[in-house]
Amino acid sequence: MNAPNQSGWKPSMQAVDASGDMVTTTGNRALMLEEPLIFEIGHAETTGVDLPEIDASAPNRMGGFDRAEPIGLVGLTEPETVRHYTRLSRQNYGIDLGFFPLGSCTMKHNPRLNEKMARLPGFADIHPLAPQSTVQGALEVIDQLATWLKTLTGMPAVAMSPKAGAHGELCGILAIRAAHTAAGNPREVVLVPESAHGTNPATAAFAGYKVDNIPATPEGRVDVEALIERLGPDVAAVMITNPNTCGLFEKDFRTIADAVHEVGGYVYCDGANFNAIVGRVRPGDLGVDAMHINLHKTFSTPHGGGGPGSGPVVFSEALAPFAPLPFIRKDEDGVYEIVEEESREESRGQTFGRMTAFHGQMGMFTRALTYMLSHGADGLKQVSEDAVLNANYILRSLEDLLHAPYADSGPCMHEALFGDKDFGNGLTTLDLAKAMIDEGYHPMTMYFPLVVHGAMLVEPTETESKAALDQFIEAFRSVATRALAGDESMKEAPYYAPRRRLDETQAARKPVLTWEPQEAS
Ligand SMILES: Cc1ncc(COP(=O)(O)O)c(C=O)c1O
């Protein structure tokens with residue numbers, strides 16, 4: 001594999017900065033390890049463990065099912081086996097390996113304490129159908145977590161069962177639909193601003209609503225006038241992501257909510273970005289009727305970082321009766337129970353049904369509650385302040401070089417947004433992202449949000465130190481400088497990754513996995 005040299009960029013720890021000087025970069029050059037299959041490094045004739053000789057005189061108790069021939073499993077020693085799998089694991093990039101700047105994903109460090117708690121047998125090994133008297137501790141965890149969520153959001157009710165952010169959105173919209181239906185008309189339209197997350201219009205359409213788009217202002221926020229203009233008796237709800245996907249706080253949220261309520265509609269808030277405001281803003285005070293919270297973002301455990309997600313939905317008084325079953329209730333004797341039936345006295349009333357077979361993701365509940373208890377209320381406020389501080393540090397450190405479309409709209413929230421304006425030689429955001437892999441970084445979120453050409457969305461989260469941010473900024477500046485200068489060599493990046501340019505769409509949807517045995521020598 002030849003590294004490029006025609007542009008002056010060399011495969012070393014040196015790169016060119018904006019003034020054309022050589023500077024030292026991270027030194028990370030991604031992972032170059034190729035790893036054969038275990039069948040290629042081991043041999044069927046060897047074994048990694050010493051087994052006692054078979055006693056030929058012992059009775060054969062296989063009843064005629066003995067193997068007629070060996071099955072071809074290879075034998076490796078313990079270190080060979082460990083190294084094989086460790087080398088394989090190093091072909092992947094993870095939050096434990098380095099900074100993961102994916103915007104909108106909140107890839108923050110997952111404290112080991114959370115994992116330790118989630119793996120306690122009393123949480124990890126229980127069954128959803130276990131008698132409730134035997135899982136009182138687990139039910140208490142769910143109830144305590146529900147109390148934290150209601151308190152932090154200023155909302156009176158919560159459904160814990162949804163299993164991801166998008167699942168939570170569906171839960172909220174189904175409750176809204178049930179409320180309108182109970183009032184005699186489910187209505188037809190859900191308004192979704194351009195600055196909303198893509199799952200919002202998908203959810204509304206999935207729930208049977210027509211989706212009407214509301215434009216964004218030049219400063220990257222909902223066009224309030226356009227939204228109010230569109231309101232009417234056909235509008236079931238508005239779905240607003242706050243902070244929005246441009247990384248900005250929707251400061252007119254209360255005005256919007258009041259206007260929506262005036263026409264009898266409900267306000268759905270996509271609260272997946274709660275990490276930026278937790279402890280500082282209570283969505284209940286902004287007029288929200290339903291909001292999902294991505295436990296797997298705000299309260300640690302990044303996307304894909306240790307199991308399934310969890311997207312509890314908080315509800316206003318108006319929507320609480322329509323929330324799904326089940327929920328946890330504590331009786332006067334302090335005994336917890338799972339309320340499963342609508343007809344029960346304790347039920348909320350007009351539930352729309354259920355989102356899941358059981359009560360939700362126990363592992364995520366345990367991790368999130370651990371995160372909350374280990375930070376405390378003040379600590380959670382600090383979390384959001386530090387996340388916002390880190391994002392603004394990145395924004396202000398790069399805005400002189402890269403197009404930052406909303407840099408003048410005030411401080412950003414938890415993520416910094418850049419565009420590909422002025423890239424030379426037809427270079428694109430994709431080329432820059434691939435070049436970041438050569439710098440040893442997972443790329444940022446690309447081409448999202450759609451409102452910005454060639455968008456690059458960077459979310460540092462609160463868990464990155466200033467030193468880590470400085471190192472990232474230096475690498476980012478280096479590749480951005482090359483992109484602006486039109487460095488052709490970037491079109492073939494990455495040079496230092498186990499695989500280079502895969503088909504961006506088909507590689508994920510229709511992977512072609514092949515293995516060809518080596519020729520026998
Ligand atoms: C703003 C926003 N809304 C909704 C979602 C969907 O969440 P999930 O991936 O858990 O379904 C995400 C995911 O990151 C998000 O960032």
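This is a predicted model: local features need pLDDT of at least 70, side-chain atom pairs count only at pLDDT 80 or more; totals for chains, interfaces and linings use all residues.
## A parallel pair and its crossover

Strands β4 and β5 (residues 210-214) run parallel and are joined by five bridges. One place to look is Leu-191, whose bridge partner in β5 is Asp-212. Helix α7 (residues 199-206) belongs to the picture too: together with β4 and β5, this helix makes a right-handed β-α-β unit.

## The largest nonpolar core

Which residues touch the most other members of the largest nonpolar core? They are Leu-145, Leu-149, Leu-227 and Phe-299, out of 58 residues in that core. Strand β4 turns up again here, as one of the elements that give two or more residues to the core; the others are α5 (136-153), α8 (224-230), β6 (235-241), α9 (253-262), β7 (266-270), β11 (336-339) and α11 (362-398). Helix α11 provides the largest share, 10 residues. The core also draws on two domains, with at least three residues from each of domain 1 (14-30 + 381-502) and domain 2 (114-371).

Phe-299 is worth a visit on your screen. Setting aside neighbours within four places in sequence, Phe-299 is in contact with Leu-149, Leu-152, Phe-274, Val-278, Ile-293, Asn-294, Arg-367, Ala-368, Tyr-371, Met-372 and Leu-380.

## One side of helix α9

Now to helix α9, where Phe-253, Ile-256, Ala-257, Ala-259 and Val-260 are buried. Why do these residues lie on the same side of α9? Because they cover an arc of only 165° around the axis. What do the buried residues of α9 pack against? Their partners are α8, β6 and β7. Just after the helix comes Gly-264, which takes a positive phi of about 80°.

## A three-stranded open sheet

Finally, have a look at an open sheet of three strands, ordered β12-β14-β13 and paired antiparallel. Strands β12 (416-418) and β13 (445-446) stand at the edges with a single partner strand each, so one side of each has no neighbour in the sheet.

How many bridges join β13 to β14 (residues 456-458)? There are two, and these strands run antiparallel.

Notes. Residues are numbered from 1 along each chain as its sequence is written. Side-chain values use heavy atoms; hydrogens and water are left out. A nonpolar core is a set of buried Ala, Val, Leu, Ile, Met, Phe, Trp, Tyr and Cys residues joined through side-chain atoms within 4.5 Å. Buried means under 20% relative accessible area, exposed over 50%, partly exposed in between (1.4 Å probe, protein chains only). Helices (H or I, at least four residues) and strands (E, at least two) are DSSP runs, numbered from the N terminus. Domain bounds come from an automatic or database domain assignment. Contact means heavy atoms within 4.5 Å. Two strands pair if DSSP finds at least two bridges between them. A crossover is right-handed if, with the strands pointing away from the viewer, the path from the first strand over the helix to the second runs clockwise. The arc is that of the directions from the helix axis to the C-beta atoms.
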